[in-house]
Amino acid sequence: MSDNTPGQDLPAGFGIRPYRGDEDHGPMAAVRLGCTEQDRIDARSVVEGLPTEAEIAEASAKLEEPSTNQILVMHDGSVIGYATIRWWQERDDTWLYLHRGYLLPEHRQQGIGSAMLSWAEERIRQLVEQHGTARAAVIGANAMASEQDATALLLAAGYRRVFSLVELELDDLQQLPELGSELPAGIRTGPIGTSHYRAAWRTVVDSYADTGFTQKWPFQDFVDTAAPACWRAAWDRQDMVGVALCSIRRHDHTVGEVEELSVRTDQRRLGIGRVLLLDGLRSLREQGATTARLFTGTANPHRSYDLYESVGFRRQNEYVRYRKPLA
């Protein structure tokens, strides 16, 4: 084990080393593929699917200091697992330090997962000290509901479930229902141009005002990732009252994603969300998508499941979010 890996000795033949860059992306992708059957991973998931080598390279490039915040587990010279740490500030000013680990099934139940967890927690404590965020920091970890080994490991280590995301799929965009309802008087829909970006961003941000465990989303981040080909908005005269932000998956153009569907609080239950959603889904179909995915929180107070299921979406997976106090 590396010097900064605390707490546990690995079995003979196992070791932990820092991430080294391009040479690691293929073996890391192979680890994810090797976990698919045991953990019942949904390869097409837009939450946590089965990443390609290129996608792992992209994700690694976005990490802060990836050589110190991403480690690989080795066995007789081969990569058998890896763990990653990232962090961000949430709307309530909590600093979430999230670790995520993957380990091939044939090497589980030997203390290796616990060693990876110990490394992550110790590294997070170092980062919190460096960043001066101790008063507002928590440790986080994720696991699909079907990842039984990871779930058991986290619960045994004192993590508690704080919320979960449910992913839904509409498996045939050729089968969209008709609108079936008129928009309220004075409401119109249309595409979102660059001049509408700030209003669209504000519509989404305001919709999360009372929602916990959500990441801060600066306007510049919205602009930097904008892909408006399948975006739709609703206006009441000059005021934007709702948006559907849909996009084509970059690495699989047959899959569309409904990234955000937000309607202003005082305009809900009027059919605006359904019209926007169907407009966005038709746009995805026109861009070549054959299926669509989205995810929403299980504690969603607006009962959005009813809307999504009414147009043909069906539940696929549950992704559980865990947290643990820093101390």
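Guide: Contact means heavy atoms within 4.5 Å. This is a predicted model, in which local features need pLDDT of at least 70 and side-chain atom pairs count only at pLDDT 80 or more, while totals for chains, interfaces and linings use all residues. Residues are numbered from 1 along each chain as its sequence is written, and side-chain values use heavy atoms, with hydrogens and water left out.

Visitor: Which residues does Ser283 touch, not counting residues up to four places away in sequence?

Guide: Ser283 touches Cys230 and Arg232 under that condition. Ser283 lies in helix H9, residues 272–286; helices (H or I, at least four residues) and strands (E, at least two) are DSSP runs, numbered from the N terminus.

Visitor: Is Ser283 buried or exposed?

Guide: Buried means under 20% relative accessible area, exposed over 50%, and partly exposed in between (1.4 Å probe, protein chains only). Ser283 counts as buried because its relative accessibility is 3%. The side chain of Ser283 also reaches the backbone oxygen of Asp279 at 3.0 Å.

Visitor: How is the order of strands in the sheet to be read?

Guide: Strands of a sheet pair through backbone hydrogen bonds, either parallel or antiparallel. Two strands pair if DSSP finds at least two bridges between them. Here twelve strands form an open sheet with mixed pairing, in the order E1-E2-E3-E4-E5-E12-E6-E11-E10-E9-E8-E7. Strand E1 (14–18) and strand E7 (187–191) are the edge strands, each pairing on one side only. Strands E2 (residues 70–75) and E3 (residues 78–89) run antiparallel and are joined by six bridges; Ile71 has Ala83 in E3 as its bridge partner.

Visitor: Which strands does helix H9 lie across?

Guide: Axes are lines fitted to C-alpha atoms, for helices over the stretch in contact, and angles run from 0 to 180 degrees between N-to-C directions. H9 lies across strand E6 (160–170), E7, E8, E9, E10 and strand E11 (291–297), running at about 150° to E8.

Visitor: Where is Ala244 placed?

Guide: Ala244 is in strand E9, residues 239–248. With a relative accessibility of 0%, Ala244 counts as buried. Beyond four places in sequence, the residues that Ala244 touches include Leu276 and Leu277.

Visitor: Over which residues does pLDDT stay under 50?

Guide: pLDDT is the predictor's confidence in each residue, from 0 to 100. The mean for the protein is 93, and 95% of its residues reach 70 or more. Over residues 1–7, however, pLDDT stays under 50. Where pLDDT is low, the predicted coordinates should not be read in detail.

Notes: A polar contact is a pair of N or O atoms within 3.5 Å; within protein, one must be able to donate a hydrogen and the other to accept it, and residues adjacent in sequence count only if both atoms are side-chain atoms.
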